[in-house]
Amino acid sequence: MAVGDRRGAPVGTEPGPSAYTELRMKDVLTISNEAAAELAAVSDSVLEALRERLGCTIRLRGNRLTFEGGKGDVARARSVVEEIVGLVEDGQEVGPSSVDAVLGALDQAEDVREVFEEVVWRHRGKKITPKTVNQKRYVDAIRSRTVTFGIGPAGTGKTYLAMALAVAALTEGQVGRIILTRPAVEAGERLGFLPGDLLAKVDPYLRPLFDALYDMLDPERLSAYIECGTIEVAPLAFMRGRTLNDSFIILDEAQNTTPEQMQMFLTRLGFGSRVVVTGDITQVDLPKEQASGLIQVQQILADIDGIAFVHFGHEDVVRHKLVQRIVEAYKRHVEATGAERRR
């Protein structure tokens, strides 16, 4: 149903079309009990995200959703909710970030199901899938190119998706081993005085990679893989002088490589191998006078066949909504102050 609003029309006169505010609508959508339970889960976080992003009133009573607002807002909200309900009924987990993902897919005329139903890896009932259109493009690039660069802010799934693809490739026999590496550069801190040998000192840098692996493999299986060298997690310095055949190789935190280290790493590529390089060029921990290999490589290798560059933005952040806002705020600050690092 729809009603016009006469506010602003002169008293005692019949208002013309321009005197009406936007046509208001009320629409009702009946959904499955399963979808209703999912939308109402975790303190209505999905519904709150829908209300915030879509600019209309959305109420859930039982399994009936009521939309009220401007005609365009209501139509858009219904389309988004129908897509989210479809994902729930297909067995997908949804959360507040799913709203942004669906909006992004619809804005870019992408098939929402095609984005979300691209299962990268399954473990203990958990499905790892792309959450945004850019993540889907990233997954497609890794599968089709020999070398893929994923560049963007924290929380965009660059490393996590790459590791899930690596585990899948190993399990399916596409590669014989996985090699995960990071440069050992302090994020404004000094680790030189920590106790232990070299491996103990670099463990804090590598720990996030182990954490992700434990999400994807059973501990016993992971320990066996590491013990026999099928999965290797090591600092970048350990890559020098090697040729890595039949491997899925991931260089994480690549913004902290020097140009020389980046060249050294990329030339480790051997036959039957695939390389993924991830990093955030706004989080460089190198000294100001030292160029970043990840910034420089974009100009050097931009036109080379077999290499893909996928750039993520704040809209691809799939962590807490506040993280997305923080990333965007810093981006605006850099643009306003001209503080962007160019080398």
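This is a predicted model: local features need pLDDT of at least 70, side-chain atom pairs count only at pLDDT 80 or more; totals for chains, interfaces and linings use all residues.
Residues are numbered from 1 along each chain as its sequence is written, and side-chain values use heavy atoms, with hydrogens and water left out. Local features need pLDDT of at least 70 and side-chain atom pairs count only at pLDDT 80 or more, while totals for chains, interfaces and linings use all residues.

**Nonpolar cores**

The largest nonpolar core has 37 residues. A nonpolar core here is a set of buried Ala, Val, Leu, Ile, Met, Phe, Trp, Tyr and Cys residues joined through side-chain atoms within 4.5 Å. Buried means under 20% relative accessible area, exposed over 50%, and partly exposed in between (1.4 Å probe, protein chains only). W121, I231 and F248 touch the most other members of this core. Elements that give two or more residues to it are α5 (133-144), α6 (158-171), β8 (177-182), α7 (198-216), α8 (219-227), β9 (231-235), β10 (247-251) and β12 (307-311). Helices (H or I, at least four residues) and strands (E, at least two) are DSSP runs, numbered from the N terminus. Helix α6 gives the most to this core, with 10 residues.

W121 has contacts (heavy atoms within 4.5 Å) with K126, K127, I128, A164, V167, A168, T171, M216 and L217, not counting residues up to four places away in sequence. In soluble globular proteins, nonpolar side chains tend to be buried together.

**Salt bridges**

The whole structure holds 10 salt bridges. A salt bridge is a side-chain nitrogen of Lys or Arg within 4 Å of a carboxyl oxygen of Asp or Glu.

| Pair | N to O distance |
|---|---|
| R53 and E52 | 3.3 Å |
| R124 and D218 | 2.9 Å |
| R182 and E253 | 3.7 Å |

R53 is partly exposed, at 21% relative accessibility. E52 is also partly exposed, at 47%.

The R124 and D218 pair links distant parts of the chain, 94 residues apart. R124 sits in the loop between β5 (121-123) and β6 (126-128), and D218 in the loop between α7 and α8. R124 counts as exposed because its relative accessible area is 67%. D218 is partly exposed, at 29% relative accessibility.

R182 lies in strand β8 and E253 in the loop between β10 and α9 (259-266), so this pair ties together parts that are 71 residues apart in sequence. R182 is buried, with a relative accessible area of 11%. E253 is partly exposed, at 28% relative accessibility.

**The α9 and α10 pair**

Helices α9 and α10 (residues 293-300) pack at an angle of about 65°, with axes 8 Å apart. Axes are lines fitted to C-alpha atoms, for helices over the stretch in contact, and angles run from 0 to 180 degrees between N-to-C directions. Helix α9 contributes P259, M262 and L266 to the contact. Helix α10 contributes G293, L294, Q296 and V297.

The buried residues of α10 are G293, L294, I295, V297 and Q298. They pack against β7 (147-151), α9, β11 (274-279) and β12.
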